[in-house]
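Hi,

Here is the structure I said I would pass on. Have a look at it first, and my notes on what turned up follow below.

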Amino acid sequence: MTRAQAGRWLILAAAGSGARSGEPLNKAFAPLGDSCAALLCLKAFAPFVDGAVVAIGSEDVPSWEAVERRAQVLTSVITVRGGLNRQASVSRALSHVPPDARLVAVHDAARPFVSAAVIERCFAQAERTGAAIPVVPVADTMLIVGESGSEEAPPRDLLRAVQTPQVFRRDWLARAYEDASDGAATDDATLVRAAGHAVSIVDGETRNRKLTTPEDFRIARMEIMLNERETQSAANQPRVGFGLDAHRLSPDRPLVLCGVTVPHTAGLLGHSDADVAVHALIDALLGAAALGDIGRWFPDSDAAYKGISSMLLLKRVVDGLAERGYRVGNADVTIVAQRPKLAGFIPAMRDSLAGVLGVDVGDVSVKATTTERMGYEGREEGVSAHAAAVLYRKQARSGGYSFDTIGP
Ligand code: CTP
Ligand code: MG
């Protein structure tokens, strides 16, 4: 995600009481999974803004303090006391927005499911036109019921439900609020339009609904539970990979296998230290993640890898996998060599691999075999290694990782 363009701020309106929600706490702070609406909003906006001014009610100070501790790491946060209605709360918050803010997004804390796409769309349009709000078509036919009992159904095609964030040039919004009477505008665009500015509309999302009723909270909690379950099951899907490598033996080289130097009359030839077992393991790991192979990650045309310890390459691969959301489950390596006898070195090899893979030694197996003098390993022309590895996803695909990028 790109870093916020400078001068963008958020006003989060969280100073209501949520009377219609039936929640024991103000709905902005009522539990949603292990979070709450106010915190979810701050998380959603953090990548897009320099900071946030949050309007809260006096009864919610303890709830807010718990949220603030978790929010400060996301973005800089200024807290203000709200007013009697939303308009008064936003007006107070506005007077605390730092002077270098160019664009201000006003968002209802009661809309915790706002997406990055909607936030970016509103900011981008407001950069162009000075004012932008997200809207969605309405599903139901609407009826205006007059005081005298008259009824009128406006054409549904023309109707839109207005959401937040509503993004404005700071000077337009400030002037609109200065000019506004003490009314109870339920959104900000109404005031900006009244001050004579056109307000652009962009596509909102039905998911970006305002949590209002007990029913809304029941559905929101169900949605969060299902998402967690999905994440959980995606995280538990094992992915298996296989790797194979072979190197030629040469009398003037050290023999390094699984990061352990094994005394012998010959060692393996290669661009790096030619640790054939680690190379097979790297290919197994990359194969499990479908991320190419060792040659694509560390081309032997690159002088940087000349003579390098293959254990360093393994570390880079494990780190690269972690960045993409994978952790190693277990690995199994078989080394095929006629000589020397490797049994005595296997405990050290398992320790060395486990350390870099970040797993218990019980999750790493190293085995050795001869080919009873058959083939190139049997004739001691070379050594080969086979490896299998299992990866687990630390988080679901939706974590924003790109899974098709090849390379470190
Ligand atoms: N809001 C605010 N200050 C107020 C009233 C409302 O900051 N004095 C905020 C709410 O916290 C909410 C948003 O404005 O995030 C939208 O208002 P609404 O959905 O009406 O929330 P509440 O007023 O809290 O709920 P209710 O009307 O059910 O009491
Ligand atoms: Mg209200």
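**Notes on the loops and the ligand site**

Pro165 sits in the loop that runs between strand 10 (160–162) and strand 11 (166–169). Keep in mind that this is a predicted model, so please read everything here as computed from it.

I started with that proline for its backbone. Thr164 and Pro165 are joined by a cis peptide bond, with omega at about 10°. You'll find Pro340 in the loop between strand 17 (326–336) and helix 11 (346–357).

One more backbone spot to check is Ala274, which has a positive phi of about 60° despite not being a glycine. Ala274 belongs to the loop between strand 16 (267–268) and helix 8 (276–288). I flag these spots because most residues other than glycine have a negative phi, and most peptide bonds are trans.

Now for the ligand. Where does ligand 1 sit? The space it takes is the second largest pocket. That pocket holds about 650 Å³ of space, and 29 residues line it. Nearest the pocket centre are Arg20, Lys27, Arg86, Asp108 and Lys210. Two elements, strand 1 (8–14) and helix 3 (86–94), each give two or more residues to the pocket lining. Sorted by class, the lining comes out at eleven nonpolar, eleven polar and seven charged residues.

Moving in to the ligand itself, which residues are closest to ligand 1? They are Ala13, Gly18, Ala19, Lys27 and Ser89, out of 18 residues that surround ligand 1. By class, this shell has seven nonpolar, six polar and five charged residues.

- Ala13: a polar backbone atom is 2.8 Å from an oxygen atom of ligand 1.
- Gly16: a polar backbone atom is 3.0 Å from an oxygen atom of ligand 1.
- Arg20: here a polar side-chain atom lies 2.8 Å from an oxygen atom of ligand 1.

How much of ligand 1 does the protein cover? On its own, ligand 1 has 560 Å² of accessible area, and the protein covers 86% of that.

Cheers

Key. Residues numbered from 1 in each chain as written. Chains lettered and ligands numbered in written order. Predicted model: local features only at pLDDT ≥ 70, side-chain atom pairs only at ≥ 80, totals over all residues. Heavy atoms only, no water. 1 Å grid on protein atoms, 1.4 Å probe; cavity = no way out; pocket = protein on both sides within 12 Å on 5 of 7 lines; lining within 4 Å. Points joined across faces, edges and corners; volume = space filled by probe spheres on them. Helix = DSSP H or I, 4+ residues; strand = E, 2+ residues; numbered from the N terminus. Nonpolar A, V, L, I, M, F, W, Y, C, P; charged D, E, K, R; others polar. Near = heavy atom within 4 Å. Polar contact = N/O pair within 3.5 Å; in protein donor to acceptor, adjacent residues only side chain to side chain. Areas by Shrake-Rupley, 256 points an atom, 1.4 Å probe, with all protein chains shown as cover. Sits in = over half its atoms within 2 Å of the grid points.
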